[in-house]
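Welcome to the tour. Open the model in your viewer, keep the selection tool at hand, and follow the stops below.

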Amino acid sequence: MPNDDRTKIIYSRTPESAAMLANVKRAMAITATLNRLTFNDADEIRALFSELIGKKVDESFLLIPPFYTAGGNEIRVGRNVFVNQNCTFYDLGGLDIADDVMIGPNVSIITAGHPLEPSRRRAATIGRPIVIEKGVWIAAGATIIGGVTVGANSVVAAGSVVTKDVPPNTLVGGNPARVIRSIGD
């Protein structure tokens, strides 16, 4: 298993895996409450999301439930962030979302995975960070995989699977996502 300074590896049956499981249970309880709310409950949604991530979110943060996560404590969000309904953020590896980011419905941002070798898959959970820079729009149904940075002002087209870094000011699309063209003002 490759391990660089940005990769987190948690082995099964360790104190770290027990802590990870406890955090998943905590997140599931918070999101169950959050997911009973409606669009009109924006203040309560912000309060619960702040509890989930362990830091108060800006008043400009807007999330439309339902929302799912496997932790929450490794999510960081900037100002003026919009998260549409039915998104899933697995944040074990760390998830940084900058200011002015828009995330469409049914988007999955997944920092966690497992070893490829069948005999090792249940032995460890691997987390690699995801960074979403300022002004990014991630369109409906896209998936972002751990270890990726989505550059400032870029657009990830609907249904795309992002497995590699996205340069700033570009439109990417497809599976796997590739650069379609540069974008500007």
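Begin by selecting Ile132, which stands opposite Val150 in E15. Before moving on, please note that this is a predicted model, in which local features need pLDDT of at least 70 and side-chain atom pairs count only at pLDDT 80 or more, while totals for chains, interfaces and linings use all residues. Residues are numbered from 1 along each chain as its sequence is written, and side-chain values use heavy atoms, with hydrogens and water left out.

**Stop 1: the parallel sheet**

Show E12 and E15 together: they pair in the parallel sense over two bridges. Here, two strands count as paired if DSSP finds at least two bridges between them; helices (H or I, at least four residues) and strands (E, at least two) are DSSP runs, numbered from the N terminus.

**Stop 2: the nonpolar core**

Next, select Phe49, Phe67, Phe89, Ile103, Ile109 and Ile138, the residues with the most contacts inside the largest nonpolar core, which has 37 residues. Such a core is a set of buried Ala, Val, Leu, Ile, Met, Phe, Trp, Tyr and Cys residues joined through side-chain atoms within 4.5 Å; buried means under 20% relative accessible area, exposed over 50%, and partly exposed in between (1.4 Å probe, protein chains only). H2 gives the largest share of this core, five residues.

Centre on Ile109. Leaving aside neighbours within four places in sequence, its contacts (heavy atoms within 4.5 Å) include Phe89, Ile103, Ile132 and Ile138.

**Stop 3: helix H1**

Which residues of H1 are buried? Select Ser17, Asn23, Ala27, Ile30, Thr31 and Leu34 to see them. Looking down the axis of H1, you will find these within an arc of 140 degrees (taken from the directions from the helix axis to the C-beta atoms), so they line one face of the helix. Pro15 and Lys25 are exposed on the other side of H1. The cover over the buried residues includes E1, H2 (42-53), E2 (62-63) and E3 (67-69).

**Stop 4: the antiparallel sheet**

Finish with the open sheet of three strands, E1-E11-E10, which has antiparallel pairing. Select Ala112 to find its bridge partner in E11, Gly127.
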